2 protein chains.
Amino acid sequence: MAKPPFKLLEGSLTAPRGFRAAGVFCDIKRLGTGKGSEKGQKRDLGLIASEVPAAVAGMYTTNQVCAAPVKISAERTAKDRAQVIVVNSGNANACTGKRGLKDADLMTATAARELRLDKIDVLVCSTGRIGVEMPMENVKSGIISAARLLDNSRESAAHVAEAIMTSDSRPKEIAVEFRIGAETIRIGGICKGAGMIQPGMSPNGARPASSLHATMLGFITTDAAIDPKTLKRCLEIAVAQSFNRITVDGDMSTNDTVLVLANGVAGNKLITRSTRDGLKNFQAALDHVCLELAKMIVRDGEGVSRFVTVHVHGAKTSSDAEAAARAIANSSLVKTSWFGGDPNWGRILDAIGYSAAMIIEDKIDVGYSRSGEKKITYALKQGVPTTVPFATLVKLVAEKEFELHVFLNLGSGHAVVYTCDLTEEYVEFNKGDVSNPAALGG
Amino acid sequence: MAKPPFKLLEGSLTAPRGFRAAGVFCDIKRLGTGKGSEKGQKRDLGLIASEVPAAVAGMYTTNQVCAAPVKISAERTAKDRAQVIVVNSGNANACTGKRGLKDADLMTATAARELRLDKIDVLVCSTGRIGVEMPMENVKSGIISAARLLDNSRESAAHVAEAIMTSDSRPKEIAVEFRIGAETIRIGGICKGAGMIQPGMSPNGARPASSLHATMLGFITTDAAIDPKTLKRCLEIAVAQSFNRITVDGDMSTNDTVLVLANGVAGNKLITRSTRDGLKNFQAALDHVCLELAKMIVRDGEGVSRFVTVHVHGAKTSSDAEAAARAIANSSLVKTSWFGGDPNWGRILDAIGYSAAMIIEDKIDVGYSRSGEKKITYALKQGVPTTVPFATLVKLVAEKEFELHVFLNLGSGHAVVYTCDLTEEYVEFNKGDVSNPAALGG
């Protein structure tokens, strides 16, 4: 494998130059435990700010029920420039009607006033329970506190990564560095996921031709100088191969959002569509950041015990390949068999058989490989079980991470989906506790 | 409510005159515990036989991966007449290639030889693990034993209902009686379900225009005299409103089959498309039998703790209504919230938002009613939460059975889907135990 054209750095959002961050606890779930993270509460509100106006690109849920902050941010990213992102967990501000829109707008206005900007340069994202009004007193005081704490430390970025967590067990951060000409460019990112995870995002909420289906939030900063149209195109490409290729439970959220701010502080020659190497390197680094963040979401999905990469090769079309891969990845029976470490290829065949993909049973090969290894051990060849002992297959599926390969042998369509098993812990977590509504999930 | 035009009887398959049944244990899973149900083992092979040739109709899985017995039975039901059904649990005879087809055919030939019939008058159905060859020695000796036990007792029918069980916790039987003119007609039926349940059956495996998605098996006997073409049409209508409206886990099996044998022993005037009252009464009784059997499958689904009837009203089209109802019924997050007794309408809105149905968020009403009651308590009106206290909604969803009503208020499309919650028991059951392959499920 060729050496990747970038190196990994510590930290995330504040690794690129000219970015500041802050995360605070302002009791958005109204636990009534007193405010301030000094009380040992998980932070629930964050600010991400560029020191100068930045090019912006966003990808948003294609769910027809989309949250108020999605509507406002999608509108504002259309104008190519932004400077600040306000984000909270604990309340999705979805299904909250006109009041929700007013609250989301007020969140941006509050941040703008504190930072002496125009509110249209401020974006907003929310995640948490659907259908509950935002506790605006708490939120406003949170934004004011965060605005005063903004700095470029690694800790502050980590605080935002914490603030966006809902059912996530850990924060998710990454940063990379690469060169364009003489200049060093950095890209940093954070994300959150856990449940309601099968994003299908587009730049404007319009459904892609092949209809895809967490709340997942991803925030990326870079000091690259890049033309906004080119940035939007780069983000679309990166998301199509990363966040839009993951599924935990097959549910697409009302709030899925990925945002990138590119502030140009690195001073490189502006990247445009016609830039050659610069664009290629930027895309490769952005692809890597998005894919690693997306995989972190799956690995930390609610109750997940196994991470599975599903490859479908040789489908008649690439949309057939995707349909087959998603049918496998979203089948309750396939996912529970993985939880049990059972290489039950019968359930896999069943799932592709009812998918929209065209298949011919006696042309299908099914095999397993260790994560990142090329050698495939086949369970099935041309629709017939191989002589590989059951115990050998069990050993492969017993790994924390493995890859499934399905060859339809009908064409050249290919798709990859990153997914996980379905466990009792997922069910236990999501059944919630109705005696404690404040603790109920999204 | 008008009195139904039929009365309920005890028993099932042998309630109609001229039918015999038998169920035996022949160790299809090769547990090695010795043969014969006298050892206390659950029966695993059954025979259903009409004393005279009968009109036949069948509905089969539309999964592209379909089991050998489905292929053989579908071909034979096309010729309108049949007399015997051989059925086994413990092995689905799916993904077993040419050998599987030969075995399925041999099962029918064995039964035919014992009963002195032509094998083309014998149908075959299997359910159980996919991708394992049939243990033909055991199966053949089972068929021979069953053929010798055939009788018209209620117990024998109950033995077949037991023989088709896989993860079912209990057998599922029903019988009804009604009149056509001076004649008394009876219909009896049994079925099995539990997991891999979201049937989408058609008479010939061709997918219905609105693509739907267990193994579920249903066997129905009737002593009505009915023209085979009319019988096929009646079964299509009945299945469309019953077995094809249920989902436990969203997985459509490779083996789903519903068969009906109508032997004419009642001596009524032949029912044809142009018969008026006779046809209407027959359809109503068959509809009832199929719907009650289908609901039994959902109530006894793997790990099920709650039975939910999902109504979508006022969709733009009926296929939109169905898409929305199935998105709700198959959402892991909605199903786990029901397990927790959480009236989480946010997850419901999320699911219909990513479905293929057209929706407008601020036109949607969502409410709950007690099972069979008309009064709806609304959680949401025009996309905005009502003032109904959370505790009131919790009380409704705490019931073992309740009904969910979603009004899209966009047109006159309507759909009903019968479903259940997703529980830890489902996961525990389906993860299986790889250290004991013989005990692994389908």
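This note concerns the interface between chain A and chain B and the cysteines of a predicted model.

1. Basis. The model is predicted, so that local features need pLDDT of at least 70 and side-chain atom pairs count only at pLDDT 80 or more, while totals for chains, interfaces and linings use all residues. Residues are numbered from 1 along each chain as its sequence is written, chains are lettered from A in the order in which they are written, and side-chain values use heavy atoms, with hydrogens and water left out.

2. Extent of the interface. In chain B, 60 residues are in contact with 60 residues of chain A (heavy atoms within 4.5 Å). The two chains bury about 4800 Å², 54% of it on carbon and sulfur atoms; this is the accessible area (1.4 Å probe) lost on being put together, summed over both parts.

3. Salt bridges. The rule finds 4 salt bridges across the interface, a salt bridge being a side-chain nitrogen of Lys or Arg within 4 Å of a carboxyl oxygen of Asp or Glu. One of them joins A:D342 to B:R129, with the closest N and O atoms 3.4 Å apart.

4. Elements on chain B. Helix 9 of chain B gives the largest share, 8 residues.

5. Cysteines. The whole structure has 0 disulfides (cysteine sulfur atoms within 2.5 Å). The sulfur of A:C234 lies 10 Å from the closest cysteine sulfur, in A:C290, and is therefore too far for a bond.

Note on methods:
Helices (H or I, at least four residues) and strands (E, at least two) are DSSP runs, numbered from the N terminus.
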